[in-house]
Structures are given as C-alpha cells and as structure tokens.
Amino acid sequence: MNVHDTRLLMELQSVSVRFGINEALKNIDLPIHQHEICAIVGDNGAGKSTLVKVLSGYMQPSGGSIVWKSQDVSISNLRAANALGIASVFQHPEFCENLDVAANLFLGKEISKGRWKGFMRDDSAMYTRAKEVLNELSSSIRVASSMQELSLGQRQTVAIAQTLLTSPELIVLDEPTAMLSVIQTAEVLSYMKRLREQGLSMVFVSHDLPDVFAVADRVIVMRLGRVMGDHKVKDTSYEEVIAEISGVIQPNDLTSAGVKAARNSQVNRLRTQHKLIERALQMNEEA
Ligand SMILES: Nc1ncnc2c1ncn2[C@@H]1O[C@H](COP(=O)(O)OP(=O)(O)OP(=O)(O)O)[C@@H](O)[C@H]1O
Ligand SMILES: [Mg+2]
C-alpha cells in the first residue's frame with residue numbers, strides 16, 4: 001500500500017522563534033501531510049527541539065502562522081494540541097517507577113466512575129483501555145507490569161501508547177530511538193510503521209540517519225534555525241542529507257581527498273547500520 005498521501009494535515013508558515021537576540025527558528029515553512037512519517041534531522045542547535053515544542057503547543061512562536069486542516073490555529077498548550085489531534089513524546093519520557101504500566105499510561109488522565117465521578121478511579125476501565133492501546137501497537141507488554149521491569153525500548157513503547165489515548169492524527173516524537181539497541185530500535189520503528197498504516201502522521205526528530213531512511217517518507221534538514229532541504233526519502237541520499245546538515249550545499253563540493261575519504265567512510269558506516277536496522281525490522285515483522 002502506498003501510504004504517502006499528499007493532502008496537507010498541518011502547515012507551519014514562516015514560523016519564527018526568538019530567545020532574546022537568538023533566533024532559534026527563522027521563517028520556517030513546513031508542510032506535514034496525511035499518513036506520512038516526516039523526519040527532522042540536523043546538527044546540535046539546529047532548532048529541532050524548538051520546532052517540536054511549537055508543534056506540540058509547549059511553546060508559542062514569535063511570528064508566522066500555524067494551519068491545522070486548513071484552519072489558522074494557535075496552540076496555546078499541550079492540552080490544546082491534544083484537543084486538535086496532536087500528541088507528543090518528548091525525549092527521555094518520565095514515569096512513576098513504583099506504579100504499573102496501566103497507571104503510568106493514565107497519569108493525570110485517570111478515568112473516574114460512579115456517583116462520585118472525579119473521586120473514584122475506574123481501574124477496570126483503565127486496564128481495558130490500556131490493553132487496547134498496547135494491542136493497537138501489537139505490543140506484548142503486560143499492563144500489570146511494574147515500570148521498573150521494562151527495558152528502555154519498552155518504556156518508549158509505553159510513551160507512544162500513551163499518546164494513543166487521545167486518538168491523535170499527528171504524533172510528534174523527539175529522538176524516540178536515542179540510546180536504544182538495534183532490536184529495540186526496530187521495535188519502535190515497526191510501531192511507527194504500524195501507526196502510519198492505521199492512517200496517522202508522525203513528525204520524527206532523529207540524529208540517526210539509518211532510522212530515518214528505514215521508515216520516513218520525507219526528511220527535512222535543519223541548520224541554524226533554517227530549513228536547508230525537504231526531500232522524499234526515496235529521492236535523496238546519505239551524501240545529500242549529510243552535505244545539507246553540515247552546510248555544504250553541493251555534496252560534490254567536498255573535494256579534498258581526506259574529506260572525501262572521511263565522508264565515504266561515514267556513508268559506508270551508515271549504510272551498514274541501515275542494513276542492520278532493515279534486517280531487525282524484517283525479523284520483527286515476521287515474528
Ligand atoms: N530556552 C532557551 N533559551 C535560549 N536559547 C534557547 C532556548 N532553547 C533553545 N535555545 C537555542 O535555540 C537554538 C536551537 O536549539 P534547539 O534545542 O531547538 O536545537 P536542537 O536542534 O534540538 O539541538 P540538539 O540536537 O542539541 O538537541 C540553540 O541555539 C539553542 O541554544
Ligand atoms: Mg534537541
């Protein structure tokens with residue numbers, strides 16, 4: 001199935017964010033399509049996390065506009081983003097270690113029951129819904145497990161499952177595969193693919209180009225607060241993306257033999273890593 005859909009879901013138009021004299025985002029134009037995994041890559045300080053904060057309602061832009069399903073919107077906080085259909089997983093999600101998975105999924109959003117609605121927690125409804133969202137991901141995590149028992153990859157899965165409680169149309173993920181092993185990475189990437197098949201869109205910030213090339217439909221390259229490139233993944237290459245990340249616009253401008261050799265060895269390393277991820281993804285999908 002061709003999941004890439006060219007209908008717009010959301011668009012940032014000339015969005016800027018200033019911190020005093022420092023401009024973290026400079027006139028960013030960013031279309032996000034339906035049923036698309038849109039990756040954001042760039043070096044440290046490029047503005048990726050600032051962009052995530054704007055998309056998720058955590059931070060308001062200093063200028064420009066945000067269009068959600070053809071309507072101009074202002075997203076004043078995370079709750080307003082949830083109400084529109086946007087949910088976010090920030091880097092290093094935090095949990096209550098002494099509580100179980102179901103309780104962590106519903107932290108701050110507990111379901112109540114009975115005459116004293118608001119005072120009595122409905123544990124059985126929360127367990128049922130928790131199982132449903134984990135099933136949507138085909139995850140084998142048990143809702144009664146304590147958070148302490150979970151691996152880093154499983155914790156990331158719980159964070160993604162948490163976003164599904166608000167039935168979002170767009171999930172914004174900041175570095176969801178950072179610090180994960182190849183197997184755990186493949187697990188998280190396969191959940192992302194599954195959610196795209198169910199019709200969701202995702203914005204996926206990552207430092208790991210092989211992860212991006214394995215699952216994303218589009219890759220946006222940022223540098224010093226600007227968008228340097230916006231490519232369909234199938235039409236670009238490691239060479240082009242690395243050149244844009246580092247500010248060398250033409251990949252072939254890297255002419256000296258030493259730089260060329262370094263670039264080739266970097267690209268070969270990324271390609272090897274890419275093969276490993278693809279293989280792990282395939283094993284995960286066959287399991
Ligand atoms: N709260 C803040 N106050 C002042 N400057 C900030 C603030 N947050 C970010 N910046 C600056 O904005 C720029 C973009 O930062 P941002 O964190 O968005 O980059 P990034 O691409 O996420 O980098 P990294 O890969 O290191 O996470 C940087 O120059 C950073 O120093
Ligand atoms: Mg960041």
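## Around ligand 1

By class, the shell around ligand 1 is made up of three nonpolar, seven polar and one charged residues. Here Ala, Val, Leu, Ile, Met, Phe, Trp, Tyr, Cys and Pro count as nonpolar, Asp, Glu, Lys and Arg as charged, and the others, Gly among them, as polar. This is a predicted model, where local features need pLDDT of at least 70 and side-chain atom pairs count only at pLDDT 80 or more, while totals for chains, interfaces and linings use all residues. Residues are numbered from 1 along each chain as its sequence is written, with chains lettered from A and ligands numbered from 1 in the order in which they are written.

So who's in the shell? Phe19, Asn22, Ala24, Gly42, Asn44, Gly45, Ala46, Gly47, Lys48, Ser49 and Thr50, going by a C-beta atom, placed from the backbone, within 6 Å of the ligand. Helices (H or I, at least four residues) and strands (E, at least two) are DSSP runs, numbered from the N terminus.

## The sheet with E2

E2 also belongs to an open sheet of four strands, ordered E2-E1-E4-E5, with antiparallel pairing; strands pair if DSSP finds at least two bridges between them. E2 and strand E5 (71–73) sit at the edges with a single partner strand each, so one side of each has no neighbour in the sheet. On average, neighbouring strands here are turned by 25 degrees against each other, direction ignored.

Strand E1 (residues 8–19) pairs with E2 over eight bridges, and Val15 has Ile28 in E2 as its bridge partner. H1 lies across E1 and E2, at about 60 degrees to E2. Axes are lines fitted to C-alpha atoms, for helices over the stretch in contact (C-beta atoms, placed from the backbone, within 7 Å), and angles run from 0 to 180 degrees between N-to-C directions.

## Helix H5

Ten of the 13 residues of H5 are buried, meaning 20 or more other C-beta atoms, placed from the backbone, lie within 10 Å of a residue's own. Among them are Arg155, Val158, Ile160 and Leu164. The cover includes strand E6 (86–89), helix H4 (123–136) and helix H6 (182–197).

## A hairpin

Strands E9 (residues 218–223) and E10 (residues 226–232) pair antiparallel over six bridges, with Val221 opposite Gly229. Two residues separate the strands of this hairpin, and Leu224 in the turn has a positive phi of about 45 degrees.

Definitions and conventions
Buried ≥ 20, exposed ≤ 12 C-beta atoms within 10 Å, placed from the backbone. Contact = placed C-beta atoms within 7 Å.
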